Amino acid sequence: MTVTELVSYEDALASYDPVMGLEVHVELGTRTKMFCGCSTALGAEPNTQTCPVCLGLPGSLPVVNATAVESTIRIGLALNCEIAEWCRFARKNYFYPDMPKNFQISQYDEPIAFNGYLDVQLEDGEVFRVEIERAHMEEDTGKSTHIGGATGRIHGASHSLLDYNRAGIPLVEIVTKPIVGAGERAPEVARAYVAELRELIRALGVSEARMEMGQMRCDVNLSLRPHGTETFGTRSETKNVNSLRSVERATRFEIQRHAAVLDAGGKIVQETRHFHEDTGSTTSGRVKEEAEDYRYFPEPDLVPVAPSREWVEKLRAELPELPRVRRNRLREQWGISQHEMQSVLNAGAIDLIVATIDAGAPADQARKWWMGELARRANEQGTELSALPITPAQVARVCALVAEGSLNDKLARQTIEGVLAGEGEPDEVVEKRGLKVVSDTGALSKAVDEAIAANEAIAEKIRGGKVQAAGALVGAVMKATRGQADAARVRELILEKLGVQG
Amino acid sequence: MPGITREEVAHLARLARLELKDEELDHFAGQLDDIIGAVARVSDVADEDVPPTSHPLPLTNVMRPDEVRPSLTPEQALSGAPAQEQQRFKVPQILGEE
């Protein structure tokens with residue numbers, strides 16, 4: 001293995017113009033597989049969700065999943081694609097044990113959706129249009145476990161074990177046209193594109209698109225060309241880059257690696273590369289010597305798919321508001337900056353905040369709790385915000401209790417803590433923990449008297465007209481009541497008792 | 001013009017993981033060329049108005065609803081496997097020593 005000294009990112013960009021191509025695979029969230037009725041539920045015991053069709057047994061015949069076709073058309077429409085009036089499936093022939101048939105049913109020169117675009121918004125608000133070549137239907141492969149190698153990798157393994165539960169799960173592959181003109185922002189554009197695509201897929205409800213679960217996977221193709229030239233350089237294909245951060249890092253690394261090779265007078269080898277999360281680098285996979293000789297031919301066991309125009313137009317009319325449009329609308333409604341909205345998006349908090357507002361909370365309060373206390377807790381526990389055991393309705397109830405004066409900020413935090421700990425609804429937590437703000441004069445009066453007695457010097461100042469000194473006494477009362485006193489009421493009482501006007 | 005060359009047959013054999021001896025290559029190249037030649041005669045009768053056909057039936061949009069059907073048991077699924085381990089299909093080493 002040759003180790004290439006990387007060129008600095010700035011130097012690479014000074015000499016070369018990066019060209020990217022992104023291929024994203026999305027597992028559809030259908031109940032059944034693409035061509036048979038086997039369940040797609042996650043977490044099943046190995047080989048419990050297979051049948052003669054997905055095992056490729058002789059005599060079995062595939063039948064297309066109508067919902068998968070519909071989902072793919074909806075993805076195509078949301079990506080501003082044309083939808084084929086007539087298209088076929090094709091066999092992609094290859095020998096690898098992850099597909100028991102020895103071919104994958106895919107689409108070749110007749111994708112169901114083609115020629116679209118997706119506008120992505122970068123952190124500073126700039127909109128970059130990524131053109132879409134095609135979106136086509138295919139099926140996922142089985143899961144291999146490699147035995148005998150030191151690290152569970154295929155290299156050095158003595159044999160491998162196959163679980164075909166995943167084989168045949170519907171996949172949509174979305175391929176961009178070459179992305180040119182991104183320049184130094186190429187890694188950022190790559191990340192923003194995959195992020196926007198993920199939002200889109202989720203908004204359509206066709207997949208959860210969780211990258212950490214392999215439900216969405218990205219291949220990054222990259223080449224460099226010297227500034228001022230038109231022809232594309234030779235590309236590398238970095239496979240299965242499985243987080244947004246990795247998409248950005250892999251792109252950046254490949255730019256630096258390509259520049260180093262080219263600067264040294266070398267040639268880029270067209271090859272598959274693997275990205276390593278730990279080092280942020282890529283290493284060579286297999287070289288494509290026999291340039292993809294998959295011998296595609298029309299799948300004889302499946303008849304063509306010819307979506308009627310009525311169906312396509314009905315699906316188009318039913319598309320939800322696109323995520324970017326929705327984000328901009330919410331951003332204006334909430335009166336926050338582009339940057340703040342980006343943080344909300346990154347935290348996965350948009351839908352939670354919207355639901356909290358829908359449950360009656362003011363926008364700023366809803367945002368404050370999800371982006372503050374709750375984001376902090378999710379971060380501590382290393383979970384997603386949406387995975388916290390608290391609902392938007394519960395957060396809205398806490399906001400309401402604060403608004404009516406029953407809770408102050410500190411008590412509200414304790415209430416949320418109780419809800420997260422499984423102590424029940426916010427009102428139950430307040431009740432059980434005795435968290436209500438004390439504004440009852442009788443209960444506070446004694447604490448105020450004690451505070452005055454213990455701080456005679458301060459009390460004297462206040463009597464003398466130095467009203468702002470009351471803060472110290474309020475603090476003393478709050479401390480004595482463990483934060484449960486109604487601070488405004490305490491201040492009134494202090495001034496009243498000392499005979500001064502507030 | 002031959003329908004298929006000896007080199008193409010050798011290439012296809014490699015893609016299909018078939019090990020063919022030299023005389024077999026000669027033999028099959030000749031046979032396949034004859035077959036392709038025979039099939040190619042279809043093009044002589046098919047005029048411009050006959051589009052290439054991949055399916056003999058005038059059917060489109062044969063689809064099924066997205067409803068779960070019973071799968072095989074793992075025992076049934078694995079019953080034809082030459083080898084198994086941990087309820088999975090066991091296959092020989094995928095990558096050779098390099």
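Select A:Arg482 to begin: with 12 C-beta neighbours inside 10 Å, this residue counts as exposed. A residue is called buried here if 20 or more other C-beta atoms lie within 10 Å of its own, exposed if 12 or fewer, and partly exposed in between, with C-beta atoms placed from the backbone. The model is predicted: local features need pLDDT of at least 70, side-chain atom pairs count only at pLDDT 80 or more, and totals for chains, interfaces and linings use all residues. Residues are numbered from 1 along each chain as its sequence is written, while chains are lettered from A and ligands numbered from 1 in the order in which they are written.

**Around A:Arg482**

A:Arg482 lies in the loop between α15 and α16 of chain A. Helices (H or I, at least four residues) and strands (E, at least two) are DSSP runs, numbered from the N terminus. Although A:Arg482 is not a glycine, its phi is positive, about 50 degrees. Most residues other than glycine have a negative phi.

Next, select helix α15 (residues 470-480) of chain A, whose buried residues are A:Ala470, A:Leu473, A:Ala476 and A:Val477. Viewed down the axis of α15(A), these buried residues fall within an arc of 115 degrees, so they line one face of the helix; the arc is that of the directions from the helix axis to the C-beta atoms.

Move to A:Ala209, in the loop between α3 and β11 (216-226) of chain A. Phi of A:Ala209 is near 50 degrees, a positive value in a residue other than glycine. Is A:Ala209 buried or exposed? A:Ala209 is buried, with 21 other C-beta atoms within 10 Å.

**The nonpolar cores**

A nonpolar core is a set of buried Ala, Val, Leu, Ile, Met, Phe, Trp, Tyr and Cys residues joined through C-beta atoms within 7 Å. The largest such core has 82 residues, of which A:Val26, A:Ala190, A:Tyr193 and A:Val220 touch the most other members. Helix α3 (residues 186-204) of chain A gives the largest share of this core, 9 residues. Centre the view on A:Tyr193: leaving aside its neighbours within four places in sequence, A:Tyr193 is in contact with A:Leu22, A:Leu118, A:Val120 and A:Val130. Two residues are in contact if their C-beta atoms, placed from the backbone, lie within 7 Å.

**An open sheet in chain A**

Show the strands of the open sheet with the order β5-β4-β15 (chain A), which has antiparallel pairing. Two strands pair if DSSP finds at least two bridges between them. β5 (103-106) and β15 (297-298) of chain A stand at the edges, each with a single partner strand, so one side of each is left without a neighbour in the sheet. Strand β4 (residues 90-93) of chain A pairs with β15(A) in the antiparallel sense over 2 bridges. Within that pairing, A:Phe297 in β15(A) is the bridge partner of A:Arg91.

**Where chain A touches chain B**

Now display both chains: 41 residues of chain A are in contact with 32 residues of chain B. On the side of chain A that touches chain B, β2 (64-65), α2 (66-78) and β9 (159-163) each supply at least two residues, and the largest share, 5 residues, comes from β9(A). By class, this side of chain A has 20 nonpolar, 15 polar and 6 charged residues; Ala, Val, Leu, Ile, Met, Phe, Trp, Tyr, Cys and Pro count as nonpolar, Asp, Glu, Lys and Arg as charged, and the others, Gly among them, as polar.

Which strand of chain B is joined to β9(A)? The partner is β3 (residues 88-92) of chain B, joined to β9(A) by 4 bridges in an antiparallel arrangement. Select A:Leu162 and find B:Phe89 opposite, in β3(B).

Chain B contains 3 helices and 3 strands, in the pattern α-α-β-α-β-β along the sequence. Its radius of gyration is 22 Å, well over the 13 Å that the globule rule gives for 98 residues, so chain B is more spread out than a compact globule. The radius of gyration is taken over C-alpha atoms, and the globule rule is 2.2 Å times the number of residues to the power 0.38. Buried residues make up 8% of the 98 residues in chain B.

Chain A has 16 helices and 15 strands, and 39% of its 502 residues count as buried. Zoom out to see its C-alpha trace, which spans about 95 × 55 × 50 Å along the principal axes.
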